[in-house]
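Morning, everyone. Let me put the structure up, and then we will go through it chain by chain.

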Amino acid sequence: MAFIRVSSPHTRSANTTSGVMAQVLLATIPGLAALTAFFGPGSLINVALACALAVGFEAGILWLRKRPVMFYLRDLSALVTAVLLGLALPPYCPWWVVVVGIFFAIVVAKHLYGGLGYNPFNPAMVGYVVLLISFPLEMTQWATPAGALADGQSLPGIGDALAKVFAGVPLDGYASATALETLQQRGGQTVADLYSSAPIFASGRWAGNGWEWVNLAFLAGGVYLLYKKVFTWHAPVAMLTALGVLAILFYDNGSSNSAGSPVFHWLSGATMLGAFFIVTDPVTSAVSTKGRLIYGAAIGVLVFVIRTWGNYPDAVAFAVLLMNFAAPFIDYYTVPRTYGHSKAPRSTAKRGK
Amino acid sequence: MSQVNYREITINGLWKNNPGLVQLLGLCPLLAVSGTVVNSLGLGLATMLVLCGSNVAVSLIRNAVSDAVRLPAFVMIIAAFTTCTELLMQAFTYELYQILGIFIPLIVTNCVILGRADAFASKNSIVPAIVDGVMMGLGFLLVLVAIGGVRELIGGGTLFANMHLLFGEFARNWEIHVFGENYRGFLVAVLPPGAFLVTGLLIAIKNIIDSRIEKRRAAQQAQTPKASRRVRTTGQIA
């Protein structure tokens, strides 16, 4: 009787790359549904267009790099990048914005650096930042949420939306300031005044109509991924905690100088999308448990700092890219203790000691 | 020393040892002011002028300066030529001088110039030193202009805008709108990241061309008949 000698580890994880990516795609569905419910079909078009383009660009660049095309397409990582970028882009943005963004995400940020697993920066965020600094006009026109529309207006239908995206036919009542922009440019109002006067806050509950539910939907998707053990809780919780602590410190009791409440910061902009889908990227984040806590917390701090004192209303993309830079550095100083050793190896210790 | 290969100096400066693409020297001005063709051309010409001047001067004094103090002496020479260039630009192309700003005085610290002074001019006579200065300067200038052209084209959709800053009034209408007047501009190309992206792509293209040439040469060598090897008894087998 022959026993097959297999070395450890003996329990095999069921996590494959394509399995994890499929879970992530599944977890974005609540967020996408909420975006569609509150802002109309713009995000759906973004995501669909981005996915089609991403598959095309990925296949093209893999062919150029002489890699097996179908093997890498099947790991779904290009689709995840495309979906995240599509969700982050403003609904009803012109089609060429999506083309440029996906090109930079897939070709420049991912494959010029060596493909999946070698990219130092989160591809979706690189695409987003390139677009934000290149086309500020298109990238800051967010759609008006359904509840804040003027009387007699309704969300654009799919036909109007397609005409806007591909032919540039303007939509009525289409663009309005996001909740973050409204808070940043409120001109000396107290928070309570703003919440009762600005339509986007007056029609909402905690953090602006639409935005709060979109963020809660992304939170739900993130919790599902946590339950499925796709990532650990450290980085997202650290990011949200740091953001919340800073928001409490600078809340200033809702005065005209206030930077907004913790709930506002948690439930507006791209906070939850960033916390559970971007910060948790296994390739570009720190590796160890302690490292992830530091990495997430630093992103939370940066998000708050840029939102409050920076020129850009939202900051998740910039914060994530800055900390992507720092991730190897964090890893260097947070090497975990290995089994059998009483102390963690000090990477700063001199050799031979 | 008497046998100076001018062809090799030329190839070195323009291609094989190009200061911008191979030595990666002087990246600070290369990346900072290469936003438009006119800026690139202005800085490239200024650098070339300083490079030629300092190469000549260093070559002239190469036997009079001891090794111990050579670097301070070279730097003084380069600083003198940079100041001359700066004053010239101030006199004749004042607006361009203002646009380029700090990067004109910073030519002093450009490693290409000190590198050529120490590596070439201090070991060669004056004529090869001039040729080397011109070719290295030209190599740097071409890379600068190429980057400036690509960035201006992608970033603003124009080419040769504002050339009158360098060439006077008759160059005022050299501007070409390549993509038509409605092109909105792709700002990232004009911003600092664009400089890194374009430079990286140029280096990649150069490496591709080099590897193609190398492959072709290897293929040609493999094809040459080997029969003659057997009978040759003296000399080098190529």
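Some housekeeping. This is a predicted model, so local features need pLDDT of at least 70 and side-chain atom pairs count only at pLDDT 80 or more, while totals for chains, interfaces and linings use all residues. Residues are numbered from 1 along each chain as its sequence is written, and chains are lettered from A and ligands numbered from 1 in the order in which they are written.

Chain A overall. A compact globule of 353 residues would have a radius of gyration near 20 Å, and chain A, at 22 Å, agrees. That radius is taken over C-alpha atoms, and the globule rule is 2.2 Å times the number of residues to the power 0.38. Along the principal axes, the C-alpha atoms fill a box of roughly 80 × 50 × 40 Å.

Burial next. Buried means 20 or more other C-beta atoms within 10 Å of a residue's own; exposed means 12 or fewer, partly exposed is in between, and C-beta atoms are placed from the backbone. In chain A, 49% of the 353 residues are buried.

Now a helix pair. Which angle do α14 and α16 of chain A make? About 150°, with the axes 8 Å apart. Axes are lines fitted to C-alpha atoms, for helices over the stretch in contact, and angles run from 0 to 180 degrees between N-to-C directions. So α14(A) is roughly antiparallel to α16(A); the cut-off is over 145 degrees. From α14(A) come A:P236, A:M239, A:L240 and A:L243; from α16(A), A:T271, A:A275 and A:F276. Contact means C-beta atoms, placed from the backbone, within 7 Å.

One residue of α14 in chain A deserves a stop: A:A235. Buried or exposed? Buried, because A:A235 has 28 C-beta neighbours inside 10 Å. Leaving out residues up to four places away in sequence, A:A235 touches A:V279, A:T280, A:S285, A:R292, A:Y295 and A:G296. Its C-alpha atom is 7.2 Å from that of A:A297, 62 residues apart along the chain.

Finally, chain B. Here we have 10 helices and two strands. The order from the N terminus is α-α-α-α-α-α-α-β-α-β-α-α. The C-alpha trace spans about 70 × 50 × 30 Å along its principal axes. Of the 238 residues in chain B, 34% are buried.

Definitions and conventions
Helix = DSSP H or I, 4+ residues; strand = E, 2+ residues; numbered from the N terminus. Parallel < 35°, antiparallel > 145°, perpendicular 65-115°, else oblique. Contact = placed C-beta atoms within 7 Å.
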